[in-house]
Amino acid sequence: MLHIYCPHCDEHREEEEFRSKGEAHIARPPEPESASDEDWGNYLFFRKNPRGLHHEQWFHAVGCRKFFNVTRDTVSYEILETYKPGQQPVVTAESRNGSASDKGAAK
Amino acid sequence: MSQRNRLGTGGRIDRTRPLSFNFNGVSLQGFAGDTLASALLANGVDVVNRSFKYARPRGVMAAGADEPNAIVQLGSTEAGQVPNVRATQQALYNGLVAKSTNGWPNVDRDVMGLLGSLGGQFMPPGFYYKTFMTPASAWPKYEQYIRKAAGLGRSPVESDPDIYDHMNHHCDVLIVGAGPSGLAAALAAGRSGARVILCDEQEEMGGSLLDSRESIDGSPAAEWVATVLAELATLPDVLLLARTTANGYHDHNFVTLHERRTEHLADLAPQANGRRQSRARMHKVRAKRVVLATGALERPLVYGRNDVPGNMLAGAVSTFIRRYGVIPGKTLVLSTTNDHGYRAALDWHDAGRTVVAIVDARDKPDGDLVAAARSRNIRVISGSAVIEAQGKKRVTSAVVAAIDIEGFRVMGSTQELGCDTIASSGGYSPVIHLAAHTGRRPVWREDLFGFVSGGVPGQIAAGGVNGRWSLRDALEDGFEAGARAAAEAGLNAVTVTPPAVAAVREGKAVALYEVPHTKPTMRAPKQFVDQQNDVTAAGIELATREGFESIEHVKRYTGLGFGTDQGKLGNINGMAIAARVTKQTIPETGTTVFRPNYTPIAFGAIAGRHCDELFDPRRYTALHASHLERGAKFEEVGQWMRPWYFPRGTESMHDAVQRECRAVREGVGMLDASTLGKIEIQGKDAREFLNRLYTNAWTKLEPGKCRYGLMCKDDGMVMDDGVTACLAENHFHMTTTTGGAAGVLDWMELWHQTEWPELEVYFNSTTDNWVAMTITGPKARKLLAEVADIDVSAEAFPYMDWREAKVAGVPARIFRISFTGELSYEINVQANYAMHVCKALFEKGAKYDLTPYGTETMHVLRAEKGFVIIGQETDGSVTPEDLGMQWCVGYKKPYSWIGRRALSRPDTRRTDRKQLVGLKPLDPKVVLQEGAQIVLEKEIKIPMPMYGHVTSSYFSPVLGHGFALALLKGGSERMGQTVYLSSGDGSLHAAEVVSPVFYDPKGTRHHV
């Protein structure tokens, strides 16, 4: 069971207080009526399923009832950060890969 | 039977407290402090069980959680039956009743044993599947007998009267295991001021120290245990949990501990102060740091007939002698690969019985314990091993031979040594189960011949689980781990000086798993690897030969490490054999995955108090007492208990519903509508929010007015509906479906918080604050006029308006909305006034024959009007247009509300989508089955294209025939067509496609 830091409550709480709401940062196209069918379909139906780093939306359902985002490793289940809606993650696949390729460059 | 194997002195049992118990119908005696296993051994019971597959006689082999054979069915009462109890873990109590798990008619004469003893060749891995494969149709029959023949206990047929608790904890340091390392860690962390939980699965804390030959600070090790426990008990933030197994290790240091509180006392939990004590507690612990001090399990050697009773683990022999004062035989042969095993021979000898020989696989055994054996003139045969045991129900001799470990062969001739007990030690396997539960792969350590933890964040391994076997090392490791854990938890760790322990010079161990036999493995006598699952070395070899090379496949094909055993004794040996056969190393072969639980747990302990109504709480409306008084039959709607119908006298459900329907259509009925979700919406952007949330327009709804609204997901599919009233310019009262209430509130929060945070709007659930009584029918107005203090005339209070009023003298909101098609008023009052208002309604309503009705009548009435129920007519794939509700879609609203864009996608625009229609069976007596598939042709052919299904179907008393709502492909174009539906009994019914509005299509009845 995950131990999740709620950025609104400012404390760690048990997973049973939360609900996972799937992938975070799904942007609703700002002009829906002028979006193509394909773009709208992608927005509605297509989700990432990465092995490794994933940005997820969570809901503190029986706590403060606020939504927030979680950067979680889907292999180790490690939570690397949580942040409020509208904010951007600090830990990303790019930042992780970036550090890896830095090491490669050093070789 | 006397306790013929009980020693006169020694052990931690109380010889002044004899206990009686019953095993397989025989009355026996033991002492307080015994386990069931030690008491059975004391009484000379050799055969305690029959094995799972071959039904071979089996005896006690180990002394703890690793016991594979002595698995019993416990319980003197039916309700107290507990299957799969390891006799080695069950404390003896007066009146204990246990039976062997397997064995028919009994363990001594077993019919299945005949089959098993006809030779292993007849029952290789996959035997059942290979033998009983054809004909496939007969498998269910075969399975019945196979299940009967192979089983592990039975569950009670009576319900468990015991109480189980769950407790939540947060601590700085959780220490699993109270042996030398765990106690040391607890002392270090406790003295540092950490909040500590120390748990241990045994009856007493102390682990290996309880039967240690060594001294700590010049005193017996057990005295040090007592001193440490006494100090820990004085520390206010240290919680000591004996009889508590850490069974599951979950993410982020969440560990479930299972504490057995009364299972050492009686069959069912005893009473204390007039109340039944809780039998077990599940402690859910979130720990900043976990110290894993789970120690190591001794690995048996794999040799021929190593399962005959009298074959034991060397360490278990020591434990029974030193801790329980029981010597499990007369003459011992020890087969070992390391110094530690020697302790069994020393203890045996010191107890005054004969050690025939120590057979050491090493060429030049050397070490303090070896020297101690030699000084006692015990014969040591080096470079050799026991390759086979002789005997049927008890060992009669050991076959010993010199072996070439590298070449995996026996050298020279064999010799047979008469003995009744063979102890074996193949070294230790760290107990890494808890380190592997979260998915970390363990790491092989060639210097230990074992796997250690792969490293879990926040977890520190100490002592035996880390491969630190010696007492000195284990203590040192424990103190370090405890201090480190406290420091990492944010405390100022204090350094504890370890107590003085004499160094023991230890000779190097040798790696030996399966002992070579004079015959090849496939033809040698059965060499058991996993005794609980009857997996042999030959079985593993066969599995790899048949292509099951991955260790995970070997596991599944043979059963190695399955079930309650979880590979405690057999895993490493099994991997070593697979590695040898596939010519790989053990780390290349890898290990299988360990899963919770470490040992079996009663379902009661998992459930805790979450039983019956506390598992899934029931919600009752404030009118429940009234419904009971009026004889309601209830149905569960989500968690709500709603009146289903109100039978009068012996009336059937059908008759009651028909009567209730007529009462509403002709007089007046009353429905408890309190379960509908209610959400208060406030804020200056409340109206704009509704515009974006609902498919229809809300801009012009004035205070005092109500409107029906439809909600879609952004894919354009209908998700909920309900009536929302404008209370004031910036204040709305929304209703949702009963089941959708919580989800709709979440949905609104989601859009507000993540998509439109700029909107100033607030939501609050008020479902439980209001009670809603719908009075409906032609006489509803007359009744309302008698209880309400406002003008209820059609002019003053038109349809789709709401009014504030006093009803029966209390403040109320009355909504003039209709879900029946009749003149209707929904009276909402504060929930605590519910019974008062209800009583007034029935008093005044008596002269109108006010008829209470339930959900079934509500369904019939709304279906006659073609009103949909979300979740019944819809299933998440239905658009507003599919329901024919274009009138409720605001195509011209400026903001692209939720679901709008999707309604113009090609798929949602298809004209052959399933659309809502009415179905009128040609035979008026027929009521179609809900869920029945619709076909267009009468003649059945294959394939038979299906065009839709029935969503609601009832018999209508006002129409005088059955009718149904259905979703039908291209339904709006099929009006007047005849379709066909099959029913469960195979008959086919014809029905005409009609409008879904069956009754009063012009809506004249509620506009009065």
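**View 1. Contact between chain B and chain A in the predicted model.** In this predicted model, 20 residues of chain B are in contact with 18 residues of chain A. On the side of chain B that touches chain A, helix α20 (residues 741-755) of chain B gives the most, with six residues. By residue type, this side of chain B holds ten charged, five polar and five nonpolar residues.

**View 2. Crossing of helices α5 and α11 of chain B.** The axes of α5 (residues 180-191) and α11 (residues 471-488) of chain B come within 7 Å and cross at roughly 35 degrees. The crossing of α5(B) past α11(B) is right-handed. From α5(B), the contact residues include P180(B), G182(B), L183(B), A186(B) and L187(B). Among those contributed by α11(B) are L471(B), L475(B), D477(B), F479(B) and G482(B). Of the residues in this contact, 16 are nonpolar, four polar and one charged.

**View 3. Five-stranded open sheet of chain B.** The strands follow the order β37-β38-β39-β36-β40, and their pairing is antiparallel. The edges are formed by β37 (706-712) and β40 (762-765) of chain B, each of which pairs on one side only. From one strand to the next, the twist averages 30 degrees.

**View 4. Pairing of strands β36 and β39 of chain B.** Strand β36 (residues 677-682) and strand β39 (residues 731-736) of chain B are joined in the antiparallel sense over six bridges. E680(B) has H733(B) of β39(B) as its bridge partner.

How values were computed: Residues are numbered from 1 along each chain as its sequence is written. Chains are lettered from A and ligands numbered from 1 in the order in which they are written. This is a predicted model: local features need pLDDT of at least 70, side-chain atom pairs count only at pLDDT 80 or more; totals for chains, interfaces and linings use all residues. Two residues are in contact if their C-beta atoms, placed from the backbone, lie within 7 Å. Helices (H or I, at least four residues) and strands (E, at least two) are DSSP runs, numbered from the N terminus. Ala, Val, Leu, Ile, Met, Phe, Trp, Tyr, Cys and Pro count as nonpolar, Asp, Glu, Lys and Arg as charged, and the others, Gly among them, as polar. Axes are lines fitted to C-alpha atoms, for helices over the stretch in contact, and angles run from 0 to 180 degrees between N-to-C directions. A crossing is left-handed if the near helix is turned anticlockwise from the far one by less than a right angle, and right-handed if clockwise. Two strands pair if DSSP finds at least two bridges between them.
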